[in-house]
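Subject: Structure handover

Hello,

The structure is below, followed by notes on what turned up in it.

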Amino acid sequence: MHNRLTAGARMIEIQEEISGLLNEAARLVRQHGVDSEAARADAYWISHIRMALGGDHGYIGNSICSMMDTAESFLEEEEEEEDTTDATPDWV
């Protein structure tokens, strides 16, 4: 299961990288686009990507299963597996 833990941690890193790139793209649209382009971008593709990534995005809606949800599931399953070890002494 160590691979799931590693994968979950890497997915969170990727989510953060994508979020940073999305912020950069949104900034470019605001700086170089007209108001209607920026409004459309924020209302559609920017918000959709933010919700799909998960985490604190500030929108009312949410993704049914975000990238963050999946990464956290990988990490939680690893923790649950560690917690299920039999702590009963052999002499019992």
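At 8% relative accessibility, Gln15 counts as buried, where buried means under 20% relative accessible area, exposed over 50%, and partly exposed in between (1.4 Å probe, protein chains only). This is a predicted model, in which local features need pLDDT of at least 70 and side-chain atom pairs count only at pLDDT 80 or more, while totals for chains, interfaces and linings use all residues. Residues are numbered from 1 along each chain as its sequence is written, and side-chain values use heavy atoms, with hydrogens and water left out.

Gln15 lies in helix α1; helices are DSSP runs of H or I with at least four residues, numbered from the N terminus. Leaving aside residues up to four places away in sequence, Gln15 touches Leu53, Gly54, Met67 and Met68 (contact: heavy atoms within 4.5 Å).

Ile18 is also found in helix α1, residues 2-32. Ile18 counts as partly exposed because its relative accessibility is 32%. Together with Tyr44, Trp45 and Ile49, Ile18 forms a nonpolar patch on the surface, with about 370 Å² of accessible area in total. Accessible areas come from the Shrake-Rupley method with a 1.4 Å probe, and for residues only the protein chains shown count as cover.

Regards

Note on methods. Patches are made of residues with over 30% relative accessible area and no salt bridge: like charges are joined within 9 Å, nonpolar side chains (Val, Leu, Ile, Met, Phe, Trp, Tyr) within 5 Å. A salt bridge is a side-chain nitrogen of Lys or Arg within 4 Å of a carboxyl oxygen of Asp or Glu. Helices (H or I, at least four residues) and strands (E, at least two) are DSSP runs, numbered from the N terminus.
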